[in-house]
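Hi,

Here is the structure I promised to pass on. Have a look at it first, and then read on for what turned up.

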Amino acid sequence: MPNKKENIENLQKKLGEVLGLERAAQKAVDELISMKLLKSNSKDESREIQEEASNHEEKIQEVASIFSEDKDVQLDINKVEESAKETEEKATNIMKIYLGEKPDTSEALEFLCLAEGGEVAHYEVLQTICSNFDNKKALSTVKSILKEEQRHLTRCIDMAKSVVS
Ligand SMILES: [Fe+2]
(Lines give C-alpha, C1' and ligand atoms only; values in the text may rest on other atoms or scores of the structure.)
Protein backbone atom coordinates (compact mmCIF):
# COMPACT_ATOMS: atom_id res chain seq x y z
CA MET A 1 0.00 0.00 0.00
CA PRO A 2 1.36 3.45 -0.88
CA ASN A 3 1.76 5.91 1.99
CA LYS A 4 -0.08 9.23 2.11
CA LYS A 5 2.63 11.19 0.30
CA GLU A 6 2.81 8.57 -2.47
CA ASN A 7 -0.97 8.58 -2.76
CA ILE A 8 -0.98 12.33 -3.31
CA GLU A 9 1.81 12.08 -5.89
CA ASN A 10 -0.02 9.30 -7.71
CA LEU A 11 -3.20 11.38 -7.69
CA GLN A 12 -1.42 14.45 -9.12
CA LYS A 13 0.21 12.44 -11.86
CA LYS A 14 -2.87 10.46 -12.84
CA LEU A 15 -5.24 13.44 -12.81
CA GLY A 16 -2.75 15.16 -15.12
CA GLU A 17 -2.56 12.15 -17.39
CA VAL A 18 -6.32 11.91 -17.86
CA LEU A 19 -6.50 15.67 -18.43
CA GLY A 20 -3.79 15.40 -21.09
CA LEU A 21 -5.56 12.47 -22.74
CA GLU A 22 -8.88 14.36 -22.82
CA ARG A 23 -7.21 17.41 -24.39
CA ALA A 24 -5.34 15.33 -26.96
CA ALA A 25 -8.54 13.45 -27.82
CA GLN A 26 -10.38 16.68 -28.60
CA LYS A 27 -7.55 17.85 -30.83
CA ALA A 28 -7.34 14.44 -32.52
CA VAL A 29 -10.99 14.61 -33.59
CA ASP A 30 -10.47 18.09 -35.09
CA GLU A 31 -7.39 16.91 -36.91
CA LEU A 32 -8.91 13.69 -38.26
CA ILE A 33 -11.92 15.64 -39.52
CA SER A 34 -9.72 18.25 -41.18
CA MET A 35 -7.78 15.41 -42.83
CA LYS A 36 -11.17 14.21 -44.16
CA LEU A 37 -10.71 10.83 -42.51
CA LEU A 38 -13.96 11.00 -40.58
CA LYS A 39 -17.07 11.39 -42.67
CA SER A 40 -20.87 11.41 -42.26
CA ASN A 41 -21.86 9.13 -39.35
CA SER A 42 -18.42 8.76 -37.84
CA LYS A 43 -17.89 12.50 -38.11
CA ASP A 44 -21.09 13.21 -36.16
CA GLU A 45 -20.36 10.55 -33.59
CA SER A 46 -16.79 11.72 -33.11
CA ARG A 47 -18.08 15.24 -32.52
CA GLU A 48 -20.37 13.90 -29.78
CA ILE A 49 -17.46 12.06 -28.19
CA GLN A 50 -15.38 15.22 -28.48
CA GLU A 51 -18.04 17.20 -26.62
CA GLU A 52 -18.06 14.66 -23.83
CA ALA A 53 -14.26 14.82 -23.70
CA SER A 54 -14.53 18.57 -23.17
CA ASN A 55 -17.01 17.94 -20.39
CA HIS A 56 -14.68 15.36 -18.80
CA GLU A 57 -11.82 17.85 -18.95
CA GLU A 58 -13.89 20.35 -16.95
CA LYS A 59 -14.99 17.74 -14.42
CA ILE A 60 -11.42 16.56 -13.83
CA GLN A 61 -10.30 20.14 -13.33
CA GLU A 62 -13.05 20.41 -10.69
CA VAL A 63 -11.83 17.24 -9.01
CA ALA A 64 -8.29 18.64 -8.99
CA SER A 65 -9.47 21.88 -7.40
CA ILE A 66 -11.51 19.99 -4.77
CA PHE A 67 -8.34 18.12 -3.77
CA SER A 68 -6.25 21.28 -3.84
CA GLU A 69 -8.62 22.93 -1.35
CA ASP A 70 -8.71 19.84 0.86
CA LYS A 71 -6.34 20.64 3.79
CA ASP A 72 -5.56 16.98 4.19
CA VAL A 73 -4.41 16.57 0.58
CA GLN A 74 -3.25 20.00 -0.68
CA LEU A 75 -2.94 18.82 -4.24
CA ASP A 76 -0.52 20.88 -6.33
CA ILE A 77 -2.38 22.04 -9.45
CA ASN A 78 0.92 23.02 -11.12
CA LYS A 79 2.09 19.40 -10.88
CA VAL A 80 -1.20 18.24 -12.39
CA GLU A 81 -0.79 20.65 -15.29
CA GLU A 82 2.84 19.56 -15.85
CA SER A 83 1.74 15.95 -16.06
CA ALA A 84 -1.14 16.93 -18.38
CA LYS A 85 1.17 18.76 -20.75
CA GLU A 86 3.61 15.86 -20.95
CA THR A 87 0.82 13.36 -21.62
CA GLU A 88 -0.86 15.56 -24.23
CA GLU A 89 2.44 15.82 -26.12
CA LYS A 90 3.02 12.08 -25.94
CA ALA A 91 -0.50 11.31 -27.15
CA THR A 92 -0.15 13.73 -30.05
CA ASN A 93 3.14 12.08 -31.06
CA ILE A 94 1.61 8.64 -30.81
CA MET A 95 -1.13 9.72 -33.22
CA LYS A 96 1.40 11.00 -35.75
CA ILE A 97 3.39 7.78 -35.58
CA TYR A 98 0.28 5.62 -35.74
CA LEU A 99 -1.24 7.37 -38.76
CA GLY A 100 2.02 7.46 -40.73
CA GLU A 101 2.21 8.86 -44.25
CA LYS A 102 -1.09 8.00 -45.87
CA PRO A 103 -3.72 7.18 -43.28
CA ASP A 104 -7.17 5.91 -44.25
CA THR A 105 -10.51 5.99 -42.42
CA SER A 106 -9.97 2.57 -40.84
CA GLU A 107 -6.66 3.67 -39.39
CA ALA A 108 -8.18 6.91 -38.13
CA LEU A 109 -10.99 5.06 -36.35
CA GLU A 110 -8.63 2.44 -34.99
CA PHE A 111 -6.48 5.21 -33.60
CA LEU A 112 -9.57 6.55 -31.79
CA CYS A 113 -10.08 3.02 -30.38
CA LEU A 114 -6.50 3.09 -29.14
CA ALA A 115 -7.02 6.51 -27.54
CA GLU A 116 -10.30 5.50 -25.87
CA GLY A 117 -8.75 2.24 -24.64
CA GLY A 118 -5.97 4.30 -23.06
CA GLU A 119 -8.53 6.55 -21.41
CA VAL A 120 -10.44 3.59 -19.98
CA ALA A 121 -7.24 2.15 -18.50
CA HIS A 122 -6.16 5.46 -16.99
CA TYR A 123 -9.59 6.14 -15.44
CA GLU A 124 -9.63 2.63 -13.96
CA VAL A 125 -6.30 3.36 -12.27
CA LEU A 126 -7.44 6.85 -11.23
CA GLN A 127 -10.54 5.33 -9.66
CA THR A 128 -8.34 3.03 -7.58
CA ILE A 129 -6.15 5.95 -6.51
CA CYS A 130 -9.22 8.03 -5.58
CA SER A 131 -10.60 5.23 -3.44
CA ASN A 132 -7.55 5.75 -1.18
CA PHE A 133 -8.95 9.20 -0.30
CA ASP A 134 -12.05 9.98 1.66
CA ASN A 135 -13.82 12.10 -0.93
CA LYS A 136 -17.15 10.80 -2.19
CA LYS A 137 -17.69 13.57 -4.74
CA ALA A 138 -14.34 12.98 -6.45
CA LEU A 139 -14.79 9.23 -6.52
CA SER A 140 -18.31 9.41 -7.95
CA THR A 141 -17.19 11.88 -10.64
CA VAL A 142 -14.37 9.58 -11.73
CA LYS A 143 -16.71 6.57 -11.71
CA SER A 144 -19.24 8.34 -13.92
CA ILE A 145 -16.54 9.43 -16.40
CA LEU A 146 -15.16 5.88 -16.52
CA LYS A 147 -18.62 4.59 -17.53
CA GLU A 148 -18.77 7.13 -20.36
CA GLU A 149 -15.25 6.22 -21.49
CA GLN A 150 -16.26 2.57 -21.67
CA ARG A 151 -19.11 3.65 -23.94
CA HIS A 152 -16.70 5.76 -26.04
CA LEU A 153 -14.51 2.72 -26.58
CA THR A 154 -17.48 0.59 -27.64
CA ARG A 155 -18.70 3.31 -30.00
CA CYS A 156 -15.27 3.67 -31.61
CA ILE A 157 -14.95 -0.09 -32.06
CA ASP A 158 -18.41 -0.14 -33.69
CA MET A 159 -17.41 2.71 -36.01
CA ALA A 160 -14.20 0.89 -36.99
CA LYS A 161 -16.20 -2.27 -37.71
CA SER A 162 -18.78 -0.39 -39.78
CA VAL A 163 -16.10 0.65 -42.29
CA VAL A 164 -15.52 -2.97 -43.29
CA SER A 165 -19.00 -4.45 -42.95
FE1 LIG B 1 -13.20 9.32 -24.37
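The buried residues of helix H3 pack against H1 and H4. Those buried residues are Val80, Ser83, Ala84, Thr87, Glu88, Ala91, Met95 and Leu99. H3 itself covers residues 77-99, and its 23 residues reach 33 Å from the first C-alpha to the last, close to the 33 Å expected at 1.5 Å a residue. Do keep in mind as you read that this is a predicted model.

Next, helix H5, which takes in residues 136-163. With 28 residues, H5 reaches 41 Å between its first and last C-alpha, close to the 40 Å expected. Quite a list of residues is buried here: Ala138, Thr141, Val142, Ile145, Leu146, Glu149, His152, Cys156, Met159 and Ala160. And what covers them? The cover includes helix H1 (4-34), helix H2 (40-69) and helix H4 (105-130).

The iron ion has Glu116, Glu119, Glu149 and His152 as its protein donors, at 2.1 to 2.3 Å. The glutamates each give an OE atom, while the histidine gives ND1. Along the chain the donors follow the spacing E-x2-E-x29-E-x2-H. Glu116 and Glu119 sit 3 residues apart in helix H4, about one turn of the helix, and both are buried. As for geometry, the site is irregular, with angles of 69 to 165° among the 4 donor atoms.

While you're in that area, look at His56, which is in helix H2. Its relative accessible area is 0%, so His56 is buried.

Is Ser42 buried or exposed? Ser42 counts as buried because its relative accessibility is 13%, and the cut-off for buried is under 20%.

In soluble globular proteins, nonpolar side chains tend to be buried together. In this model the largest nonpolar core has 23 residues, and those with the most contacts inside it are Leu11, Leu15, Ile60, Phe67, Leu75, Tyr123 and Leu126. H1, H2, H3, H4 and H5 each supply at least two residues of this core. Apart from it lies another core, of 17 residues, including Leu32, Phe111, Cys156 and Ala160.

Setting aside residues up to four places away in sequence, Phe67 touches Leu11, Val73, Gln74, Leu75, Cys130, Phe133, Asn135 and Ala138.

Last, the cysteines. How many disulfides does the structure hold? The count is 0. Cys113 is in no disulfide, and the nearest cysteine sulfur to it, that of Cys156, is 5.4 Å away. Likewise, Cys156 is in no disulfide, with the sulfur of Cys113 as its nearest. Cys113 has a relative accessible area of 15% and is therefore buried, and Cys156, at 2%, counts as buried too.

Definitions and conventions. Residues numbered from 1 in each chain as written. Predicted model: local features only at pLDDT ≥ 70, side-chain atom pairs only at ≥ 80, totals over all residues. Heavy atoms only, no water. Helix = DSSP H or I, 4+ residues; strand = E, 2+ residues; numbered from the N terminus. Expected span 1.5 Å × (residues − 1). Buried < 20%, exposed > 50% of the residue type's maximum accessible area, 1.4 Å probe, protein only. Contact = heavy atoms within 4.5 Å. Core = buried A, V, L, I, M, F, W, Y, C linked by side-chain atoms within 4.5 Å. Disulfide = S-S within 2.5 Å. Donors = N, O, S within 2.8 Å, 3.2 Å for Na, K, Ca; no water. Tetrahedral: all angles 85-135°; square planar, octahedral: opposite > 155°, others 65-115°.
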